[in-house]
Amino acid sequence: MTDPYETPAPAEWPARCLTVLTTIDDEAKAQELARGAIEARVAACAQVSAPVTAVYHWAGAVETSREVQVLFKTAEDRYDALEAHIRASHDYATPEIIATPVVRGSADYLAWIVEETR
């Protein structure tokens with residue numbers, strides 16, 4: 001008998017999914033970036049988070065700035081299109097774009113991500 005709480009192995013999922021993180025310096029820009037990705041169907045969902053404080057090296061100095069995080073959910077085969085969208089819409093010279101594979105998750109939710117990025 002199959003365990004009803006067992007998550008299917010990744011090979012059984014319809015496609016591999018990713019979460020993709022970026023930051024931007026303004027909440028309105030973050031909302032626009034998120035909405036544009038959803039409208040372009042390069043992400044199924046985007047979450048805009050409260051401001052964070054970023055501390056980083058830039059141009060030989062340690063900088064501190066306020067940023068807003070945007071976390072996208074997408075199918076792995078839509079990553080290149082999502083990255084292109086972020087780069088085209090972003091005003092940073094070197095925007096943060098970090099993709100993390102989803103190694104486990106609800107099969108229904110992961111299927112929804114794939115469906116919404118078609």
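1. Asp25 is partly exposed, because its relative accessibility is 40% (buried means under 20% relative accessible area, exposed over 50%, and partly exposed in between, with a 1.4 Å probe and protein chains only). Its partner in a salt bridge is Lys29, and the closest N and O atoms of the two are 3.0 Å apart. A salt bridge here is a side-chain nitrogen of Lys or Arg within 4 Å of a carboxyl oxygen of Asp or Glu. Lys29 also counts as partly exposed, at 30% relative accessibility. Together with Asp91, Asp25 and Lys29 are linked in a network of salt bridges.

2. A word on what you are looking at: this is a predicted model, in which local features need pLDDT of at least 70 and side-chain atom pairs count only at pLDDT 80 or more, while totals for chains, interfaces and linings use all residues. Residues are numbered from 1 along each chain as its sequence is written, and side-chain values use heavy atoms, with hydrogens and water left out.

3. How many salt bridges does a search of the whole structure find? The search finds 7. One of them joins the side chains of Arg41 and Glu116, at 3.2 Å from N to O. This pair links distant parts of the chain, since Arg41 sits in the loop between α1 and β2 (45-58) and Glu116 in helix α3, 75 residues apart. (Helices, H or I with at least four residues, and strands, E with at least two, are DSSP runs numbered from the N terminus.) Arg41 is partly exposed at 33% relative accessible area, and Glu116 is partly exposed at 24%.

4. Asp77 and Arg118 also meet through their side chains in a salt bridge, at 3.0 Å from N to O. Asp77 belongs to the loop between β3 and α2 and Arg118 to the segment after α3, so this pair ties together parts that are 41 residues apart in sequence. Asp77 is exposed, with 55% relative accessible area, whereas Arg118 is partly exposed at 45%.

5. Now to the interior. A nonpolar core is a set of buried Ala, Val, Leu, Ile, Met, Phe, Trp, Tyr and Cys residues joined through side-chain atoms within 4.5 Å. The largest one has 16 residues, and those touching the most other members are Val20, Ala37, Phe72, Leu82 and Ile86. Two or more residues each come from β1 (17-24), α1 (27-39), β3 (61-75) and α2 (79-89), and α1 gives the largest share, with 4 residues.

6. Val20 deserves a look of its own. Beyond its neighbours within four places in sequence, the contacts of Val20 (heavy atoms within 4.5 Å) include Phe72, Leu82 and Ile86, as well as Tyr79, Ile97, Ile98 and Ala99. Apart from the core described above lies another, of 6 residues, including Ala44, Ala75, Ile113 and Val114.

7. A polar atom of the Thr74 side chain lies 2.6 Å from the backbone oxygen of Val42. Not counting residues up to four places away in sequence, Thr74 touches Cys17, Leu18, Val20, Val42, Ala43, Leu82, Ile113 and Thr117.

8. Finally, Arg104 lies in the loop between β4 (98-101) and α3 (107-116). Arg104 is exposed, at 54% relative accessible area. Its C-alpha atom is separated by 9.5 Å from that of Cys17, 87 residues apart along the chain.

Notes
Polar contact = N/O pair within 3.5 Å; in protein donor to acceptor, adjacent residues only side chain to side chain.
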